[in-house]
Amino acid sequence: MSDWYETLDGLHAQAWQTLRLGVGNPQHPARLPSFATVSPDGWPEARTVVLRSADAASAEVSVHTDLFSGKVQSLRANPKASLHIWDSEQALQLRMKAEVSIASGADTRLLWDKIPDHTQQSYGVTPPPGSGIDTALDYVKEPDPDTFAVLTCRISQIDVVHLGDDHRRALFSRDNNWAGQWLSP
Ligand SMILES: Cc1cc2nc3c(=O)[nH]c(=O)nc-3n(C[C@H](O)[C@H](O)[C@H](O)COP(=O)(O)O)c2cc1C
């Protein structure tokens, strides 16, 4: 029997298994992807986020954020993002390209009500995230459902690299029904 990294199907399945583990396990490296957008003036901008959901059937993952954060402004101008994960235990790098939709207000209220109090603290700060302040703690955090946003990332491509004794790389595309294509690493 072959190891998971030896076949395209195996690599694709492992990519989604890794994303699922990231959602479920706070210690897993896939829990904290780098999430990159393009600023309105064309700069790449990457930041750490928590992976909140991963659904292989729809090939969508989601992230929660503050509606007034810079990334939301960037996504309004250009709804494309990239997510990056490096899992050293599995020697597995995942890079995903995604089209992102932004939900907030009434559309996210049911989800907001299920979020634990301490996590709600992450959404709602005055002045808004990224504003200049006079001293380091010159802000007030007040959980506010109106500042809570869900970024649904509809993945269009997954570039998978496995650094085993041999290096393997494959590209999986929605356009190709995720069939997969080996790439030179
Ligand atoms: C471990 C860790 C987890 C984070 N998780 C999130 C998150 O889930 N959502 C989020 O919007 N920001 C999260 N942040 C903060 C972002 O990295 C970033 O600083 C913030 O969202 C502002 O980014 P922006 O101005 O580019 O929008 C996290 C930061 C760290 C260090």
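How many nonpolar, polar and charged residues does the shell around the ligand have? I counted by class and found 3 nonpolar, 5 polar and 2 charged residues. Here Ala, Val, Leu, Ile, Met, Phe, Trp, Tyr, Cys and Pro count as nonpolar, Asp, Glu, Lys and Arg as charged, and the others, Gly among them, as polar.

I note that this is a predicted model, in which local features need pLDDT of at least 70, side-chain atom pairs count only at pLDDT 80 or more, and totals for chains, interfaces and linings use all residues. Residues are numbered from 1 along each chain as its sequence is written, and side-chain values use heavy atoms, with hydrogens and water left out.

**Ligand.** I listed the surrounding residues (near: a heavy atom within 4 Å) as L32, R47, T48, V49, V50, H64, T65, S69, G70 and K71. I then looked up which elements (DSSP runs, numbered from the N terminus: helices H or I of at least four residues, strands E of at least two) supply at least two residues of this shell, and found β2 (44-48), β4 (60-66) and α2 (70-77).

I checked distances from ligand oxygen atoms. One lies 2.8 Å from an N or O atom in the side chain of R47. A polar backbone atom of V50 is 3.0 Å from a ligand oxygen.

**S74.** I located S74 in helix α2. Leaving aside neighbours within four places in sequence, I found S74 in contact (heavy atoms within 4.5 Å) with T37, V38, S39, P40 and E45.

Definitions and conventions
Polar contact = N/O pair within 3.5 Å; in protein donor to acceptor, adjacent residues only side chain to side chain.
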